[in-house]
Amino acid sequence: MELWYYNDEIVEELPEGTVGFVYLITNTTNNRKYIGKKLAQFKRTKPPLKGRKNKRRSTVESDWREYYGSSDELNEDVEKLGTENFKREILYYCYSKSELSYVEAREQFKYKVLESDDWYNGHIRVRVHGKGILNNKQLNG
């Protein structure tokens with residue numbers, strides 16, 4: 001069964017206002033791990049209605065419930081070993097895209113995910129605007 005956990009509790013819904021979350025996935029057969037981020041919602045754009053010029057924009061829930069990261073190697077192992085051999089944990093809920101990108105990179109650097117084969121992470125890619133971080137009370141205590 002595909003479950004997410006936060007502080008060892010099953011997550012059925014994300015807290016209101018959550019833009020996304022930073023997560024840890026652990027392969028329980030060999031303890032190999034992956035740190036990533038996931039958006040809570042996707043923006044959808046539909047073509048304008050007949051006779052109109054404006055595109056129609058809406059948001060829909062992302063595929064976070066079934067998501068196993070963007071690592072091809074991790075997804076191959078999930079396919080091969082089955083979802084029951086992987087634990088998915090939410091480490092942090094984030095309330096802006098800046099915070100989400102920053103916290104993901106911070107955790108990846110903290111755990112040195114590129115320095116060991118204990119991690120599925122193959123790269124760290126980040127672009128963060130400082131204003132989104134400096135004004136965040138959750139990060140700055």
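Q: Which residues of the largest nonpolar core touch the most other members?
A: In this predicted model, Leu 14 and Phe 21 do so among the 17 residues of that core. At least two residues of this core come from each of β3 (20–27), α1 (72–81) and β7 (86–94).

Q: Why are β3 and β4 called paired strands?
A: Pairing requires at least two bridges between the strands. β3 and β4 have seven bridges, in the antiparallel sense, and therefore count as paired. Thr 26 stands opposite Lys 33 in β4. The hairpin of these strands has five residues between them, and Asn 31 takes a positive phi near 65 degrees there.

Q: What is known of the space in the largest pocket and of the residues that line it?
A: The space amounts to about 380 Å³. The lining has 17 residues, and Tyr 34, Ser 70, Glu 104, His 123 and Arg 125 are the closest to the pocket centre. β4 (33–39) and α2 (97–110) are the elements that give two or more residues to this lining, and β4 supplies the largest share, four residues.

Q: How does the lining of the largest pocket divide into nonpolar, polar and charged residues?
A: Six are nonpolar, six polar and five charged.

Technical notes: Residues numbered from 1 in each chain as written. Predicted model: local features only at pLDDT ≥ 70, side-chain atom pairs only at ≥ 80, totals over all residues. Heavy atoms only, no water. Core = buried A, V, L, I, M, F, W, Y, C linked by side-chain atoms within 4.5 Å. Buried < 20%, exposed > 50% of the residue type's maximum accessible area, 1.4 Å probe, protein only. 1 Å grid on protein atoms, 1.4 Å probe; cavity = no way out; pocket = protein on both sides within 12 Å on 5 of 7 lines; lining within 4 Å. Points joined across faces, edges and corners; volume = space filled by probe spheres on them. Nonpolar A, V, L, I, M, F, W, Y, C, P; charged D, E, K, R; others polar.
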